[in-house]
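Trainee: I have a new structure open and would like to learn how to read it. Could you walk me through it, feature by feature?

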Amino acid sequence: QGTPPPIYNNLAAGGSFVHKFNISPKAKNNIRLTGEMRHLMQSGIDPRLKMHFGTELQVGWFAFQMGLNQTSITGGLNIDFLSMRLSLATYGVDTQSLAMMNRDRRYMLQFSWWFDMMSGSGKTTKQEDRYKYPRKFE
């Protein structure tokens, strides 16, 4: 049978910052900044292909995204309504080991629909406080 091929370890690092424009925990107005680098231990790849940066501005039912994937500009839009979400996105992917040699532009359309059976239906205010601030009830 033999042994399976080895999987070499790799390293990824990233971070995110979220600023809410309203102090309410259920507020949907915020801005998010993110960045990450992947395949840090892998050699032979252009360093620009390891970077991903983005920002998202969420205002009510709408979220606008813009960023940089490898060396290509990305963009997107989410529209949330009740229990549905419509997402549109475009991004570029470098298909070679050096940046900007050969690039594909990709597009995405996604429709999501979810069921939230427990959204506030059976919880009292005191029960919600126990989840938010468990140390007060020890």
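Predicted model: local features only at pLDDT ≥ 70, side-chain atom pairs only at ≥ 80, totals over all residues.

Trainee: What is phi of Gln 70 near?

Mentor: Phi of Gln 70 is near 60°, which is a positive value in a residue other than glycine.

Trainee: And is Gln 70 buried or exposed?

Mentor: To decide, look at relative accessible area: under 20% means buried and over 50% means exposed. Gln 70 has 15% relative accessibility, so Gln 70 counts as buried. Now try Leu 82, in the loop between S5 and S6. Phi of Leu 82 is near 55°, again a positive value in a residue other than glycine. Leu 82, however, has 70% relative accessibility and therefore counts as exposed.

Trainee: How many helices and strands does the chain have?

Mentor: There are one helix and seven strands. Reading from the N terminus, the order is β-β-β-β-β-β-β-α. For the chain as a whole, 18% of the 138 residues count as buried. Among contacts between residues at least 6 apart in sequence, 30% join residues at least 24 apart.

Trainee: How do I read the surroundings of a single residue? Where does Glu 56 lie, for example?

Mentor: Start with the element, then the burial, then the partners. Glu 56 belongs to strand S3, which covers residues 51–59. Its relative accessible area is 13%, so Glu 56 is buried.

Trainee: Which side chains make polar contacts with the side chain of Glu 56?

Mentor: One is the side chain of Arg 32, at 2.6 Å. Another is the side chain of Gln 65, at 2.8 Å. Setting aside neighbours within four places in sequence, the residues in contact with Glu 56 include Asn 30, Ile 31, Ala 63, Phe 64 and Asn 78.

Trainee: Next, aromatic rings. How many aromatic pairs does the structure hold?

Mentor: Two. To read a pair, check the distance between ring centres and the angle between planes; planes over 60 degrees apart count as edge-to-face, and those under 30 as stacked. The ring centres of Trp 61 and Phe 81 are 4.8 Å apart with planes at 75°, so this pair is edge-to-face. Trp 61 is in the loop between S3 and S4 while Phe 81 is in strand S5, so the pair ties together parts 20 residues apart in sequence. Trp 61 is partly exposed at 48% relative accessible area, and Phe 81 is partly exposed at 37%.

Trainee: Is the pair of Phe 62 and Phe 64 stacked or edge-to-face?

Mentor: Their ring centres are 6.4 Å apart and their planes are at 15°, so the pair is stacked. Phe 62 is partly exposed, at 38%, and Phe 64 is partly exposed, at 42%.

Trainee: Finally, what volume does the largest pocket have?

Mentor: About 350 Å³. The elements that give two or more residues to the lining are strands S2, S3, S4, S5 and S6.

Trainee: How is the lining divided by class?

Mentor: The lining of the largest pocket has five nonpolar, twelve polar and three charged residues.

Terms used:
Residues numbered from 1 in each chain as written. Heavy atoms only, no water. Helix = DSSP H or I, 4+ residues; strand = E, 2+ residues; numbered from the N terminus. Buried < 20%, exposed > 50% of the residue type's maximum accessible area, 1.4 Å probe, protein only. Polar contact = N/O pair within 3.5 Å; in protein donor to acceptor, adjacent residues only side chain to side chain. Contact = heavy atoms within 4.5 Å. 1 Å grid on protein atoms, 1.4 Å probe; cavity = no way out; pocket = protein on both sides within 12 Å on 5 of 7 lines; lining within 4 Å. Points joined across faces, edges and corners; volume = space filled by probe spheres on them. Nonpolar A, V, L, I, M, F, W, Y, C, P; charged D, E, K, R; others polar. Phe/Tyr/Trp six-rings, centres within 6.5 Å; stacked < 30°, edge-to-face > 60°.
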